[in-house]
Amino acid sequence: MGLESFIALCILSFTAAFIPGPNNALVAASGANFGFRRTFPHVLGISLGFPVMIFIVGLFLGQIFQSSLLLREVLRWVGVGLLLYVAYKIATAGGLGSSAGERRPFRFHEAALFQWVNPKGWSMAIAITSQFATPDAPMQTAIIIAAVFVFFGLASASTWAVLGVSLQRFLETENRLKWFNRVMALLIAGCVVFLFLD
């Protein structure tokens, strides 16, 4: 990968990582509700889950996904269902629930697996790998692309979690926290609309 391509990849990954979306709304809500320490596994799940997906797509799955309309549609509807479920849980309780009904943030594996049912993530992974992965060095370029997304994913998810934490003082009253959670849930649910604009 040449220097110009690498710079373009960095600009694209920075933009993709920092713009508001489901992952960023989730970590901001988690930071506001649970603090940074309890949200950090969620941050790591995003920061490692998506780059692993990009790496695998870059090496193996991109062509299969592009050629199967059924697979894309199934993934789209599973993603819609999951996003709406997560939005509902945040709007009504401020977090996910355990079997005992206790509020809690996403765990590492949940955040990492969430990347695999996110249709926007799949679209981005395929678009990016098709632009930056080179057929003559697929392993090397897939590693570079994944590493860039680890860096910007960690920076972005941490920033959004800290933003949520910084709002904790403002959200100390129960009513404000409920409204914040509802707004974050609305942002997450609003992302569903964009799944059908692709």
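With neighbours within four places in sequence set aside, Val 27 contacts Thr 39, His 42, Val 43, Ile 46, Ala 157, Trp 160 and Ala 161. The model is predicted; the chain has a mean pLDDT of 80, and 84% of its residues reach 70 or more. Confidence in the chain is highest in helix 4, at 92, and lowest in strand 1 (residues 96-97), where the mean is 54.

The largest nonpolar core comprises 24 residues, and Leu 26, Val 27, Ile 90, Phe 106, Phe 180, Met 184 and Ile 188 have the most contacts inside it. At least two residues of this core come from each of helix 2 (22-67), helix 3 (69-93), helix 4 (108-114), helix 6 (138-166) and helix 7 (174-195). The greatest contribution is that of helix 2, with 8 residues.

Ile 46, one of the residues in contact with Val 27, is located in helix 2. Ile 46 counts as buried because its relative accessible area is 8%, against a cut-off of under 20%. Apart from neighbours within four places in sequence, the contacts of Ile 46 are Asn 23, Val 27, Pro 51, Ala 111 and Gln 115.

Notes. Residues numbered from 1 in each chain as written. Predicted model: local features only at pLDDT ≥ 70, side-chain atom pairs only at ≥ 80, totals over all residues. Heavy atoms only, no water. Core = buried A, V, L, I, M, F, W, Y, C linked by side-chain atoms within 4.5 Å. Buried < 20%, exposed > 50% of the residue type's maximum accessible area, 1.4 Å probe, protein only. Helix = DSSP H or I, 4+ residues; strand = E, 2+ residues; numbered from the N terminus. Contact = heavy atoms within 4.5 Å. pLDDT = per-residue confidence, 0-100.
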